[in-house]
Amino acid sequence: MTHTHNQMNFKPFELEYIQSKWEQIVDFNLTESGVHPISTLDLVQGDESKITELLGTELNYPHVNGNPELRQNIANLYDGAVWDKNVLVTVGAAEANDIIMKTLLEPGDEVATLTPTYKQVWGIAENMGHTVRPFHLRPETGWALDIDDMNAQVNEKTKIIAIVNPNNPTGHIFTEAEMDAVIKAADRVGAWILADEVYRGAERLREDETPSFYGRYERVLALGSMSKAYGLPGLRVGWIIGSADTIEDVWRRHEYSTITATMLSNHLAAYALSEEVRPRLIQRTRDYIRKGYPILQEWMEDQEGLFSYTPPEASAVTFVKYHLDINSTELMETLCREASVFVGAGDSFGMDYHLRIAFGQEKEVLDEAFGRIRNTIQRLQG
Ligand SMILES: Cc1ncc(COP(=O)(O)O)c(C=O)c1O
């Protein structure tokens with residue numbers, strides 16, 4: 001790669017970079033951690049008056065911190081959150097993570113992050129010159145948090161403990177004991193917990209939603225998004241929940257980065273999170289996840305001994321170890337080129353010899369895509 005700018009010390013966000021490269025070219029994109037997106041028409045269920053209202057919306061700036069109805073509907077998802085004090089609407093969880101890092105980190109601060117994980121926070125911290133100390137979810141214990149490892153990585157310099165719960169890529173949901181351990185570690189050194197909870201609502205095995213870190217400890221910034229549990233990634237709406245003064249501080253960063261999400265996305269997100277509509281979207285997401293996963297599992301079982309895995313508790317992806325002597329990025333690229341099927345490489349999440357496979361699609365799509373992966377793997381096995 002040749003660069004026209006000084007990129008010497010800059011590390012690209014590898015997962016998103018690889019996705020931009022392949023996702024529009026391949027026949028089957030199995031890297032989406034959310035389920036198949038819903039259309040605008042299906043979202044409003046063909047409701048003529050809603051459609052007329054949407055088309056008549058003036059495309060002005062909305063409330064730049066999120067329109068009141070949207071903030072109210074978001075606040076309703078958290079015990080004790082107040083809509084006009086504790087909520088900031090952002091352009092996706094992506095902006096939320098970015099401005100939180102810029103607000104909290106000062107020179108010399110360290111970040112402790114769980115791994116494997118979505119490496120946005122990790123990459124931002126490194127690009128800002130901070131030391132990042134990973135601690136592990138362990139495959140050998142069904143992706144349980146290694147609490148001793150975490151405690152060893154959190155020290156007096158740790159400003160942020162970054163968590164993705166439910167986790168991407170493993171689908172692990174923290175137990176109460178794991179949540180308590182994270183809070184205890186943060187409290188010991190006065191660190192913040194950055195709780196990325198974008199998969200909350202996308203549970204596969206349980207009906208109750210994953211509890212938030214918000215309200216359990218003073219220095220928590222929790223975030224959510226329309227992209228995963230609601231099937232609306234194209235809205236580009238996310239949010240941050242936190243104490244009133246911290247929300248003010250991150251808002252000051254939001255003004256520099258994007259000013260605001262759009263008027264239409266504020267309207268549509270408020271509608272999607274309303275009491276009447278939200279349960280339908282959560283059910284739709286869970287239906288995809290609950291129907292898709294058994295198809296993947298059966299396909300993996302069919303190839304005896306090739307894969308080891310712990311079934312995901314939430315999200316539309318799972319992180320599986322493959323027993324082949326080939327690097328995960330190489331395998332991912334071979335599958336893109338030969339099978340036109342795109343899956344996530346373990347390397348992108350900090351763990352080689354794994355693939356992150358998405359299953360939140362229709363059965364016909366999964367059957368065809370998995371069949372093609374099998375053909376390529378059989379060729380690789382000789
Ligand atoms: C854990 C996690 N956080 C944040 C994001 C970004 O989400 P958004 O579309 O809301 O910007 C993703 C997307 O894959 C994710 O998996």
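The legends below describe views of a predicted model and its ligand. Residues are numbered from 1 along each chain as its sequence is written, and side-chain values use heavy atoms, with hydrogens and water left out. Local features need pLDDT of at least 70 and side-chain atom pairs count only at pLDDT 80 or more, whereas totals for chains, interfaces and linings use all residues.

**View 1. The protein as a whole has 13 helices and 13 strands.** Helices (H or I, at least four residues) and strands (E, at least two) are DSSP runs, numbered from the N terminus. The C-alpha trace spans about 60 × 55 × 50 Å along its principal axes.

**View 2. The shell around the ligand holds 14 residues.** Ala93, Asp196, Tyr199, Ser225 and Ser227 are the closest, where a residue is near the ligand if one of its heavy atoms lies within 4 Å of it. Helix 5 (residues 92-104) gives the largest share of this shell, three residues.

View 3. The protein covers 93% of the 400 Å² of accessible area that the ligand has on its own (Shrake-Rupley method, 1.4 Å probe).
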